[in-house]
Amino acid sequence: MVRSNPRLRVADLPALAALARDRGALLVVDNTFATPYHAQPLKQGAHLVVESLTKFLSGHHQVLLGGVVGARDVVEPLRQVAVRAGLVPNPWACWLGVEGVRTLAVRLERASATAWRLARFLQAHPKVRAVHYPGLAHHPDHPVANRVLERGYGAMLSFELPPERAAVNRFLRSLKRVRLVLSLGGVETTLSHPATSSHRFLSEEEREALGLHEGFLRLSVGLEDPEDLEAEFSEALEAL
Ligand SMILES: *Cc1c(COP(=O)(O)O)cnc(C)c1O
């Protein structure tokens with residue numbers, strides 16, 4: 001199994017769709033990181049697409065919502081379960097979600113361009129050990145990303161600092177506006193620390209196999225001025 005989070009692995013959707021077709025299986029894609037701006041898996045053979053509206057789609061850290069998209073006959077049984085189990089979100093959250101979706105394209109265009117710039121900046125920085133971003137030529141899925149993703153490579157990237165908690169804490173405290181946040185996909189740039197949050201339930205061996213040491217950080221790029229972000233990271237890296 002290949003986990004796409006947080007090393008930003010990109011699944012070869014047409015190949016997986018062909019495999020699913022051969023075996024009579026359904027292909028379900030979690031498109032939360034790519035969003036419909038960068039990937040439209042139904043067009044590439046997926047049967048169902050799961051989107052977290054909490055993240056980029058609503059885009060402002062204001063709602064908790066999820067969505068599932070697919071052909072009517074595939075979605076209908078899920079809709080029945082949702083209705084019967086009372087999985088019905090409140091109308092205010094839905095309104096905020098829809099308002100967010102209206103600006104998805106302009107937000108992602110900006111955030112992805114900044115992410116690409118930051119990926120190159122971090123990669124060139126002597127204190128950064130590695131950068132994981134599918135737009136970079138050395139990323140293992142760069143060729144797949146070029147086939148599967150459209151309009152760029154997304155607003156998520158990960159990078160590695162030295163694997164020492166004290167150094168990482170110094171780095172995090174030196175940042176002025178970029179905060180450590182559990183969620184992602186908002187207008188503000190945020191960081192997460194997989195080893196102590198999203199991946200803390202893995203065994204130490206599993207984390208090690210994924211390379212998720214103390215210095216591994218995941219970045220969700222927002223809409224700030226790219227120059228300001230670069231300056232902020234530059235200063236915090238000096239504090240390492
Ligand atoms: C946050 C997240 C989810 C869950 O999203 P909900 O907001 O609970 O719908 C699913 N997949 C990924 C990759 C996520 O980041």
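**Exercise 1. By class, how many nonpolar, polar and charged residues does the lining of the largest pocket have?**

Solution. Keep in mind that this is a predicted model.

- Step 1: start with the space itself, where the largest pocket holds about 820 Å³.
- Step 2: collect the lining, which comes to 37 residues, with Ser4, Asn5, Arg9, Asp30 and Phe33 lying nearest the centre of the pocket.
- Step 3: sort that lining by class, and you get 21 nonpolar, ten polar and six charged residues.

**Exercise 2. Work out which parts of the chain build the lining of the largest pocket.**

Solution. 

- Step 1: look for elements that give two or more residues to this lining; they are helix 1 (13-23) and strand 1 (28-30).
- Step 2: pick out the largest share, which is the three residues from strand 1.
- Step 3: zoom out to the domains, namely domain 1 (13-101) and domain 2 (104-237). Each of these gives at least three residues to the lining of the largest pocket.
- Step 4: check how the domains sit, with 24 Å between the centres of domain 1 and domain 2, taken over C-alpha atoms. Their contact takes 21 residues from domain 1 and 24 residues from domain 2.

**Exercise 3. Describe the second largest pocket.**

Solution. 

- Step 1: its volume is about 360 Å³.
- Step 2: 13 residues line this pocket, and Gly66, Gly67, Val68, Ala82 and Leu87 are the closest to its centre.
- Step 3: strand 3 (66-70) and helix 4 (72-85) are the elements giving two or more residues to the lining. Helix 4 has the largest share, with five residues.
- Step 4: by class, the lining of the second largest pocket splits into ten nonpolar, two polar and one charged.

**Exercise 4. Find the largest cavity and say which helix gives the largest share of its lining.**

Solution. 

- Step 1: there is one cavity of 30 Å³ or more in the structure, and the largest cavity has a volume of about 40 Å³.
- Step 2: its lining includes Phe56, Arg107, Leu108, Ala111 and Val221.
- Step 3: helix 6 (residues 104-124) supplies the largest share, three residues.

**Exercise 5. At roughly what angle do the axes of helix 6 and helix 10 cross?**

Solution. 

- Step 1: the axes of helix 6 and helix 10 (residues 226-238) come within 10 Å and cross at roughly 30°. The crossing is right-handed.
- Step 2: list some of the contact residues, among them Arg110, Thr114 and Phe121 of helix 6 and Glu227, Phe233 and Leu237 of helix 10.
- Step 3: count by class, which gives seven nonpolar, two polar and four charged residues in the contact of helix 6 with helix 10.

How values were computed
Residues are numbered from 1 along each chain as its sequence is written. This is a predicted model: local features need pLDDT of at least 70, side-chain atom pairs count only at pLDDT 80 or more; totals for chains, interfaces and linings use all residues. Side-chain values use heavy atoms; hydrogens and water are left out. On a 1 Å grid over the protein atoms alone, a cavity is a set of points where a 1.4 Å probe fits but cannot get out, and a pocket is an open set with protein on both sides within 12 Å along at least five of seven lines; lining residues have an atom within 4 Å of a point. Grid points are joined across faces, edges and corners, and a volume is the space filled by probe spheres set on the points. Helices (H or I, at least four residues) and strands (E, at least two) are DSSP runs, numbered from the N terminus. Axes are lines fitted to C-alpha atoms, for helices over the stretch in contact, and angles run from 0 to 180 degrees between N-to-C directions. A crossing is left-handed if the near helix is turned anticlockwise from the far one by less than a right angle, and right-handed if clockwise. Contact means heavy atoms within 4.5 Å. Ala, Val, Leu, Ile, Met, Phe, Trp, Tyr, Cys and Pro count as nonpolar, Asp, Glu, Lys and Arg as charged, and the others, Gly among them, as polar. Domain bounds come from an automatic or database domain assignment.
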